[in-house]
Amino acid sequence: MGVEVRTEGITKSFGSQRIWQDVTLTLPPGEVSALLGPSGTGKSVFLKSLIGLLRPERGSIYIDGTDITTCSNKELYEIRKLFGVLFQDGALFGSMNLFDNVAFPLREHTKKTESDIKKIVMEKLELTGLLGAEGKLPGEISGGMRKRAGLARALVLDPQIILVDEPDSGLDPVRTTYLSQLLIDINSQIDATILIVTHNINLARSVPDNIGMLFRRQLVMFGPREVLLTSEEPVVKQFLNGRMQGPIGMSEEKDEAQMAREQAMFDSGHHAGGAEEVEGIIPQMRATPGMPVRQAVHRRRERVRQIMHTLPHAAQVAIQDSLDENGDTQVIPAYQGAYDTTAGHDLTNG
């Protein structure tokens, strides 16, 4: 099973530029989580911090209970073996064929024989639908195949944590859906903890168990998918519906005058450049028939039941609808009190 990843109050800057601050969240072990946010909000920086490539100025990052901000280089080297990372462009070596690209981590970090390496590489190529393409160079295949080859390479060391940076980058919507399905299927087979960084709305609505969002150098919220998908937070609603009207602008932030102008346009029925508002929660993507049952679904169900009373009423109703579909019943208590959507509020553990 995948391991827990937890951040406590981490803050990252480059020089005088603050990227994000006081980010606290928990990626539940073996579940699929997504981190959303407009371009330039530091999502990729967050991934690089989790694996120790960048070090936050403040806060702690716990990987399976070890704080990587204070551990030794030797410990960090061992912890990194828990990770598989799929970068935006696949990050393949252009001069190597797909077989050698996928085999590279095994040759670098293990003492396995070439026959063992071949067996593992062919397994991962089959898993990602690339059998028969192992002799091709990255420049000879499509962007979607390069992504899958990057994923195969990320899997060869049997990671317990998989980080996926913008899986839709450079892909059309159909191939993005295929890659999303592949991630769900991989989760069903190896039960790894997966974090997907994306700004793809369709992927965010359909794939993860948990969703978080970065905006204005803060974590707006993080928790079960139903919390964000039913949220009334203006920035969340704007992002999920792809509208101009809301706090997000071309340079991320808007001044009061621009927001007032756009609100007036919106109120008058002018929805320039925006999508029709999406109501309700679409069903979560399931593993392909014939795949093992996703263990994350059962663990998440029990975990969410325990924190149900802490969630907003709309999220409770959505969760209950999902439980009812699966034959589970539970009475939802009357929702009382204000829901805290302050920056950094992590709802994965209540």
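Helix 3 and helix 4 are oblique to each other, a class that takes in whatever is left once angles under 35 degrees are called roughly parallel, over 145 roughly antiparallel and 65 to 115 roughly perpendicular. Before I go on, this is a predicted model, in which local features need pLDDT of at least 70 and side-chain atom pairs count only at pLDDT 80 or more, while totals for chains, interfaces and linings use all residues. Residues are numbered from 1 along each chain as its sequence is written, and side-chain values use heavy atoms, with hydrogens and water left out.

Back to that pair: the axes of helix 3 (residues 98–109) and helix 4 (residues 114–127) come within 9 Å and cross at roughly 125°, where axes are lines fitted to C-alpha atoms over the stretch in contact, and angles run from 0 to 180 degrees between N-to-C directions. Phe99, Val102, Ala103, Leu106 and Arg107 are the residues that helix 3 brings to the contact, meaning heavy atoms within 4.5 Å, and those from helix 4 include Glu114, Ile117, Val121 and Leu125.

For helix 5 (residues 143–155) and helix 6 (residues 173–190), the axes come within 11 Å and cross at roughly 15°, and these two helices are therefore roughly parallel to each other. On the helix 5 side we find Lys147, Arg148, Leu151 and Leu155, which meet Leu179, Leu182, Leu183, Ile186 and Ile190 of helix 6.

Stepping back to the whole protein, there are 12 helices and 12 strands, taken as DSSP runs numbered from the N terminus, with helices (H or I) of at least four residues and strands (E) of at least two. Of the 350 residues, 48% are buried, that is, under 20% relative accessible area with a 1.4 Å probe and protein chains only. Among contacts between residues at least 6 apart in sequence, 68% join residues at least 24 apart.

Leaving aside residues up to four places away in sequence, Phe46 touches Thr7, Ile10, Trp20, Val23, Leu25, Leu35 and Leu195.

Key:
Buried means under 20% relative accessible area, exposed over 50%, partly exposed in between (1.4 Å probe, protein chains only).
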